[in-house]
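Hello,

Here is the structure we spoke about. Please open it first, then read my notes below.

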Amino acid sequence: MSEWWTYRPSDFLLFSARTYYRLFEIHNAALWPAQAAAIGLSAVLLWLAVRGGRGAARGALAIVAAGWLCSAGPYFWARYATINWTAVWFAAAFALEGALLLGLASSRACPALPARAPGSRLGARRAVGAALLIAGIAYPVAAPLLGRPWTQAEMFGLTPDPTAIGTLGLLLLLEAGRERRLPGWLRAAWLGALWTIPVVWCLITGMTLWTLHAPEAIIAPAAAALALLATRLRHPPTA
Amino acid sequence: MPNDRATTRRTFLSGLAAAAIASLWPMRASAQAASAPGPGTRAIPSSGEALPLVGLGTWITFNVGDDAVARDACGDVMQAFFAAGGRMIDSSPMYGSSQAVVGHGLAKTGSTARVFAADKVWVAPGARGPAQIEASRRLWNVPRFDLLQVHNLLAWQEHLPTLLAMKAAGRLRYVGITTSEGRRHREIEQIMAAQPIDFVQVSYNVLDRDVEQRILPLARERGIAVIANRPFRQGDLIRQLQRHRLPAWAAEIDCDSWAQVALKFIVSHPAVTCAIPATTRVDHVRQNMGAARGRMPEAAMRQRIAAHVAAL
């Protein structure tokens, strides 16, 4: 691209805000009643996060992985690609993230979710993780809060933004542990990709929404920034 | 939209006034715009074919994917565009589903024979151009394109020979190149000077006037038609202008909206063949087409418009 410095984010915008939000309305109508299953799995995910343990971590990672795969196929590949030709690349990245999460869930190196004893400290890192996980699951309420109908709600597990935000929360909740047994390069590549894809997506979606003058443009980038800052914090010792 | 009867009366009176002073106007096309029942036209220099001064862009506005409701709404916009005398619709493979939506609208309105189909080739390497052009033609569902342009000069050295060969074989009527927002103007000038192109598409509006310095004079000198894109700066210009009251002098050029003032500023430049505003609204497309009618600003009024908008 020549004279690349003259381009602004809005130069890459291909659709209007109206078209973008209608996409979720059409997506929700096409997937109905999958929303009920997504809400049920979100409840299970929260229960697993509270319960803690390695088995809970495996289940939670699998649920989130399913969300990435549902975002990759039905959303990016089948829906978003109708208005954005770059969606196929996003579909590939989301499928990769889903595969990485499934791989982590099924591997012997799977970290555990902390089993917190009553009265013990939650710790700042876990507090941020829990907040982001809840924010991702609660993301659908953003639509009516911002004056859009429920039919345009973005569901955790079915659409990319809430799935990415919730995943960052789950990754923060996981304890460092058995993955240390992996070779350094493999651990770095695996964990690096696991974190990089949701963080980069949060920036991309924030930029897209900003060019659409959408008030929620700040949410995903802020979540990513918060998650990255929280990675600098250590987990408190478990009971 | 304003009262139709009032608009008709004003258009009639302005037509009389325009006819009276037509001999004083520097632009024959502007005089035609005032006296003809349809929209004003300007001749494509390489052929003499008359083209309405206002066309229809599709960037962003027609990229609605599979949304059946939105597709029909775009078809309604096209219906109003054709009913108002419009002809040129401009699209590109870069614009997502816009080409398919244009094809849907053409079928819905039965306007395939009327449309001046302007599309682009936007792919590298150039060897992939013919396949992309054919895919675009199928989406539009037209027998052939009237105009194909090399989008943003991407691989233009490879695409231009292909397009010129298509024109020579009768499979294309006009060949052009495009850029936007002032990019690669030096290269645009070089191509305009050296290649037998019929059209050049550039960004031109009341605030973005760089092309007045070299490209528009060169287009007149070389007999190249000019399409003005981004006439409203993607809507930002109109949103900015609408915070201010429309000046009383807008009536002197038969404008009842800022959009018409902005469009008349563009199409009254003698080197400009047409402007291609994009919209999703029927009332807006009618308003835009209104800018191709009535009195056009002459040089002094153009300066007045530019100075007024710059000062806002």
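**The sheet in chain B**

In this predicted model, chain B holds an open sheet of 8 strands with parallel pairing, in the order β3-β4-β5-β6-β7-β8-β9-β10. Its edge strands are β3 (56–57) and β10 (274–275) of chain B, each of which pairs on one side only.

Take one pair from the sheet. Strand β7 (residues 172–178) of chain B runs parallel to strand β8 (residues 199–203) of chain B, and 3 bridges link them. Gly176(B) sits opposite Phe199(B) in β8(B).

Helix α5 (residues 129–140) of chain B packs on the sheet. There α5 touches β4 (88–90), β5 (116–121) and β6 (145–150) of chain B. The direction of α5 makes about 145° with that of β5(B).

Some totals for chain B. The secondary structure comes to 12 helices and 10 strands. Of its 312 residues, 58% are buried. Take the contacts between residues at least 6 apart in sequence: 76% of them join residues at least 24 apart.

**The cores**

In soluble globular proteins, nonpolar side chains tend to be buried together. Which residues touch the most other members of the largest nonpolar core? They are Ile89(B), Trp140(B), Leu163(B), Ile177(B), Met192(B) and Ile305(B), out of 79 residues in that core. Helix α10 (residues 258–267) of chain B gives the largest share of this core, 8 residues.

Back in chain B, look at Leu163(B). Leaving out residues up to four places away in sequence, Leu163(B) touches Val121(B), Ile133(B), Leu148(B), Gln149(B), Val150(B), Leu172(B) and Val175(B).

**A helix pair in chain A**

Helix α8 (residues 184–211) of chain A has 28 residues. From first C-alpha to last, α8(A) reaches 40 Å, close to the 40 Å expected at 1.5 Å a residue. His213(A) follows α8(A) and has a positive phi, near 60°.

How do α8(A) and helix α4 (residues 87–106) of chain A cross, and at what angle? Their axes come within 10 Å and cross at roughly 145°. The crossing is left-handed.

On the α4(A) side, they include Phe90(A), Phe94(A), Glu97(A), Leu101(A) and Leu104(A). On the α8(A) side, they include Trp190(A), Leu194(A), Ile197(A), Pro198(A) and Trp201(A).

Best wishes

Note on methods. Residues are numbered from 1 along each chain as its sequence is written. Chains are lettered from A and ligands numbered from 1 in the order in which they are written. This is a predicted model: local features need pLDDT of at least 70, side-chain atom pairs count only at pLDDT 80 or more; totals for chains, interfaces and linings use all residues. Side-chain values use heavy atoms; hydrogens and water are left out. Two strands pair if DSSP finds at least two bridges between them. Helices (H or I, at least four residues) and strands (E, at least two) are DSSP runs, numbered from the N terminus. Contact means heavy atoms within 4.5 Å. Axes are lines fitted to C-alpha atoms, for helices over the stretch in contact, and angles run from 0 to 180 degrees between N-to-C directions. A nonpolar core is a set of buried Ala, Val, Leu, Ile, Met, Phe, Trp, Tyr and Cys residues joined through side-chain atoms within 4.5 Å. Buried means under 20% relative accessible area, exposed over 50%, partly exposed in between (1.4 Å probe, protein chains only). The expected span of a helix is 1.5 Å times one less than its number of residues. A crossing is left-handed if the near helix is turned anticlockwise from the far one by less than a right angle, and right-handed if clockwise.
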